[in-house]
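Please examine the structure shown below.

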Amino acid sequence: MREIVKELLEREKEYHLCEKNIDGFQFWQYERFYIDKCLRKSDDMLTDHKSGSKLKLLKYYFTKSDKVKKGKQTDVCFVSHPRRKLRGEKYECIYTDEIAKRFPNSVTLENFYAREHMEPIQSANVIYLDRIIIEAEMYEQLTSFFARRKRRKIAQRVCCALEVPLKGLVNRQQLERVGKQTAGDYFRYRCYYKRFEKLLSRINPQILVEVVGYGPKCMIFNEICKKRGILTIELQHGWLGKEHIAYNYAAEERIKQFPDKLYLFGDYYKVNAKFPIPKDQIISVGFPYYERELREHQRCSKQDMRYTVLFLSQTMYARQLSKLAIDLCEQTDKNEFRILYKLHPSEYKTWEEIHPMLKESSVEIIGENDMTLYDCFAISDAQVGIRSTTIYEGLGFHLQTFIFNRDFQDYLEDLVELGIADLVADASEIVSKVRKHNHTSYDVNLFWKENALYNLEHALTTELKNRCDDN
């Protein structure tokens with residue numbers, strides 16, 4: 001799989017793809033992630049998983065206003081992650097809520113998650129982007145009827161611009177698919193840019209802190225912020241490395257859509273990608289939510305004395321991973337081994353369709369209303385996954401770690417080389433390695449920097465002070 005990213009980066013540099021644009025819309029930056037997924041044939045990740053009725057969208061349009069009066073300058077604008085987690089009786093953004101409390105003169109912008117919001121929320125000073133999003137979607141859909149000719153021309157221009165650079169990587173059907181996708185994104189971009197620019201002029205932040213910086217909306221915010229002189233910082237939200245196209249660039253020119261700075265979980269991630277920003281702009285601060293959960297769950301005592309193996313589900317690899325769990329269950333004594341299968345949040349409602357084999361097995365399924373991920377870590381002895389960030393989270397609990405499927409070993413090969421994880425091909429290999437497990441010590445701080453909330457608050461406070469001094 002590494003060859004895909006490597007090949008794309010070589011062609012990106014050779015053909016100056018980052019410079020290509022249509023009426024100022026630098027489409028390559030917005031489509032390169034999509035193209036990477038096309039080449040991996042990850043169709044489930046190519047489309048926006050939409051749910052929620054049109055009636056509900058209309059309700060959001062009329063009741064969740066994005067309007068805010070122009071006032072004094074805001075210190076920090078947080079762009080939260082819409083997939084919130086329930087804590088107590090309210091949903092929290094695990095990336096931005098805790099730090100936002102430390103900056104009273106801040107505002108949080110929130111996107112839809114699966115076409116709705118997870119409420120009630122803990123965040124204060126929230127501006128929902130519902131109206132802007134719905135208007136952009138409506139505008140793009142209307143162009144299918146009233147701007148067909150222009151859409152066709154844009155799609156053709158994209159195909160012509162990428163035909164030679166992507167020769168041998170994509171077939172004609174895939175290229176046309178990219179062209180059509182870009183045509184729609186072109187019109188969304190124009191609407192978003194105009195509305196986001198007005199929004200930023202009203203809240204007037206000094207710093208914008210975002211999550212998932214390679215999402216189209218955050219990329220547009222980054223463009224506008226560079227134009228307006230607003231510092232942009234992305235908080236790491238998941239796995240990143242040499243195989244994550246969004247964090248790897250070969251181009252030497254400035255990438256307007258990329259944030260000015262990255263705040264990472266730990267030093268381990270600093271050398272894992274070809275970031276298009278200087279090294280001194282990549283800072284390790286830790287992850288406050290993870291540190292909090294780790295601290296709380298380390299107090300838990302394990303009641304079941306069986307050797308517990310936790311499988312970390314990923315929808316893309318559902319069949320391979322669920323079959324491995326079943327095989328392990330069949331090859332081990334129930335009195336000696338306990339097999340847990342933690343579903344991904346996107347699988348909660350449809351897991352029986354995604355994992356039909358698990359329904360009839362003895363594997364314990366952990367769903368939405370069962371144990372949390374950290375509850376599972378606290379009672380487990382080992383974890384099995386493919387390329388999930390949760391594997392790194394499990395390292396904080398010092399779990400014996402198994403990476404499954406040799407086709408994807410590049411994603412976590414550093415862990416294997418360091419002796420922290422074992423690469424396995426089948427269930428019997430897991431059993432064998434469990435029997436002769438030799439514990440490898442490692443510094444968790446390398447992956448998760450300690451005192452995360454303090455580090456993050458101190459870093460942002462310093463950035464604000466520096467900007468005030470400069471002004």
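In strand β13 (residues 382-385), A382 and V384 point one way, Q383 and G385 point the other way, and all are buried. Here, buried means under 20% relative accessible area, exposed means over 50%, and partly exposed lies in between (1.4 Å probe, protein chains only). In a regular strand, side chains alternate between the two faces of the sheet. Helices (H or I, at least four residues) and strands (E, at least two) are DSSP runs, numbered from the N terminus. This is a predicted model, in which local features need pLDDT of at least 70 and side-chain atom pairs count only at pLDDT 80 or more, while totals for chains, interfaces and linings use all residues. Residues are numbered from 1 along each chain as its sequence is written, and side-chain values use heavy atoms, with hydrogens and water left out.

Which strands pair with β13? Strand β10 (residues 307-312) pairs with β13 in the parallel sense over three bridges; two strands pair if DSSP finds at least two bridges between them. V309 has A382 in β13 as its bridge partner. Strand β14 (residues 400-404) also pairs with β13 in the parallel sense, over four bridges, and F402 in β14 stands opposite V384. From β13 the chain crosses through helix α14 (residues 390-395) to β14 in a right-handed β-α-β crossover.

Attention now turns to D36, found in helix α2 (residues 27-39). D36 is buried, with a relative accessible area of 1%.

Methods
Right-handed = clockwise from strand over helix to strand, strands pointing away.
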